[in-house]
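Visitor: Please show me how to read the features of this model, one at a time.
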Amino acid sequence: MDLLQDFSHRIETRLAAVRESLKVGVAHFERSRQHFEMQLQEFELLARRVMGVIVRPRVERMLAHIPDASLAEPSDAYRCSCQFGAGGQSRATAALQVAVNHDARLERFELLYEQKVVPAFFPSERHDKLVFDLVPGRADAPWRTAGSADERIDEPALTAWLEDHLLYFVETYARLEAPDSLARPKLAG
């Protein structure tokens, strides 16, 4: 075999190896994509259930006790937003949002709490989040580690956390009407 034929054979060998590697890579990518799609669907079902069964009913119950409050139409299934006007004796406006989110790899479920009070007459907790691990069998996951994602969420803990934060917000908002709103409400737990 002359040198050029040998070189040509080496080129063909390398190209064949690259083509085979690409086939394996594409198959791996497709399996990863399908797994991610399944995780995303599982997260979406969980998010809709948490928002529909736990978050939204409690926010609506809270709003029933505050006359100048309104629930914004949801822009998506992952968020519940409220506006509180400067009606009555209140000297401020407020907004509250509770949302669900996930990390980039769909390994964690997050319940997010954010309140805004303008102007703020006293310090208050503005942001918080509760995180649940969705990956089965991880050593650092204190939640259930078998079954579907919704079985790995500690619903009583999530519900208690949310109710504590909503009660904290109600207390914060109620203090806005007091002439000397200096005391900071205490967040339980």
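Visitor: Does Asp 133 count as buried or exposed?
Guide: Burial is read from relative accessible area: under 20% is buried, over 50% exposed, and anything in between partly exposed (1.4 Å probe, protein chains only). Asp 133 has 2% and counts as buried. The model is predicted, so local features need pLDDT of at least 70 and side-chain atom pairs pLDDT 80 or more, while totals for chains, interfaces and linings use all residues. Residues are numbered from 1 along each chain as its sequence is written, and side-chain values use heavy atoms, with hydrogens and water left out.

Visitor: Which side chain meets that of Asp 133 in a salt bridge?
Guide: The criterion is a side-chain nitrogen of Lys or Arg within 4 Å of a carboxyl oxygen of Asp or Glu. For Asp 133 the partner is Arg 108, at 3.8 Å from N to O. Arg 108 belongs to strand E4 and Asp 133 to strand E5, so they are distant parts of the chain, 25 residues apart; strands are DSSP runs of E, at least two residues long, and helices are runs of H or I, at least four, both numbered from the N terminus. Arg 108, at 27% relative accessibility, is partly exposed.

Visitor: How many salt bridges does the structure hold?
Guide: There are 8. Among them is the one between Lys 129 and Glu 110, 3.6 Å from N to O. Lys 129 sits in E5 and Glu 110 in E4, so this pair ties together parts 19 residues apart in sequence. Lys 129 is partly exposed at 45%, whereas Glu 110 is buried at 11%. Another joins Arg 33 to Glu 30, with the closest N and O atoms 2.5 Å apart. These two are 3 residues apart in helix H1, about one helical turn.

Visitor: In what order do the strands of the sheet run?
Guide: Two strands pair if DSSP finds at least two bridges between them. Here an open sheet of 5 strands has the order E1-E2-E3-E4-E5, with antiparallel pairing. E1 and E5 (127-133) are the edges; each has a single partner strand, so one side of each is left without a neighbour in the sheet. E4 (residues 108-118) pairs with E5 over 7 bridges, and Leu 111 stands opposite Leu 130 in E5. E2 and E3 (residues 93-102) pair over 6 bridges. E1 (residues 69-71) and E2 share 3 bridges, and the bridge partner of Ala 69 in E2 is Phe 84.

Visitor: Which ring pairs with that of Phe 84, and how are the planes set?
Guide: Rings of Phe, Tyr and Trp (its six-membered ring) pair if their centres lie within 6.5 Å; planes under 30 degrees apart are stacked, over 60 edge-to-face, and the rest tilted. That rule gives 5 aromatic pairs. Phe 84 pairs with Phe 169: the centres are 4.7 Å apart and the planes at 50°, so the pair is tilted. Phe 84 lies in strand E2 (residues 79-84) and Phe 169 in helix H2 (residues 155-175), so parts 85 residues apart in sequence are tied together. Both Phe 84 and Phe 169 are buried. Phe 169 also pairs with Tyr 173, stacked, at 6.1 Å between centres and 15° between planes. Phe 169 and Tyr 173 are 4 residues apart in H2, about one helical turn, and Tyr 173 is buried too.

Visitor: Which residues form one aromatic cluster?
Guide: Phe 43, Tyr 78 and Phe 109 do.
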